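Please look at the sequence and the model shown here before reading on. The report that follows takes up charged pairs, a helix face, a sheet and a nonpolar core in turn.

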Amino acid sequence: MKYWFPHDHKHLDQLMIDIEHHTGSSERTFPGTVFSMIAFNLGEQSCMVMRRCVVTATGDFDATQGGHMVLYDLHLLVKFLPGWMAIFPSGLLNHANTSLQTGETRTSIIQYTPGQLSQFRNSGWRTQTSMSMEELAVRWDEKRAIRARFAESFLTLDKVKQRHAGEFTILLL
């Protein structure tokens, strides 16, 4: 994440540092991670229906037949093999997985940070119910501006080529 999304990595790391100072706890889900949460979807055919997250698919399934990642807003169906990992803005993109064949299993590991943690910190560690209508209006304006900046930070293939020219060969499958 730090390599591909350095701005987001820095933001999430600072959020975790701020939470650690606020709560007095320095425990993270994994040492060095910038994500506050981890979920293990361990059902026979787990699926994702939920700011940026890291998803790792695991299990025993034929990725040519099912288990694809569906990104509805982008009109994309992505073949997602066991062991593959994806980083995407799960809070902004409606997503799910396709069904598997009978007898197959697909599980996943998801690391993420709910956007509400940033909002809570940015609100001075106060909940929305403790704010006036004027304060809430300011927070909504800030939230819209953050979402716009976040959308602008999406990496396109052209941005990847420009940022990492000569470092690797891009293969489109």
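## Salt bridges, a helix face and a core

R144 and D141 form a salt bridge, with 2.7 Å between their closest N and O atoms; the term stands for a side-chain nitrogen of Lys or Arg within 4 Å of a carboxyl oxygen of Asp or Glu. The model is a predicted one, in which local features need pLDDT of at least 70, side-chain atom pairs count only at pLDDT 80 or more, and totals for chains, interfaces and linings use all residues. Residues are numbered from 1 along each chain as its sequence is written, and side-chain values use heavy atoms, with hydrogens and water left out.

Both R144 and D141 belong to helix α3, where they are three residues apart, about one turn of the helix; helices (H or I, at least four residues) and strands (E, at least two) are DSSP runs, numbered from the N terminus. R144 is exposed, its relative accessible area being 52%, while D141, at 45%, is partly exposed; here buried means under 20% relative accessible area, exposed means over 50%, and partly exposed lies in between, with a 1.4 Å probe and protein chains only. The structure holds six salt bridges, and the table gives three of them.

| Salt bridge | Closest N and O atoms |
|---|---|
| R144 and D141 | 2.7 Å |
| E142 and R139 | 2.2 Å |
| R121 and D18 | 3.0 Å |

In helix α2 (residues 115–122), R121 is buried along with G115 and S118. Seen down the axis of α2, these buried residues fall within an arc of 125°, taken from the directions from the helix axis to the C-beta atoms, so they line one face of the helix.

Three strands form an open sheet in the order β4-β3-β6, with antiparallel pairing; two strands pair if DSSP finds at least two bridges between them. The edge strands, β4 (76–78) and β6 (95–97), each pair on one side only. Three bridges join β3 (residues 69–71) to β6, and L71 has H95 as its bridge partner in β6.

The largest nonpolar core has eleven residues, among them A57, M69, L71 and F80; such a core is a set of buried Ala, Val, Leu, Ile, Met, Phe, Trp, Tyr and Cys residues joined through side-chain atoms within 4.5 Å. Strand β2 (53–60), β3 and β5 (85–88) each supply at least two residues of this core, and β2 gives the most, with three. In soluble globular proteins, nonpolar side chains tend to be buried together.
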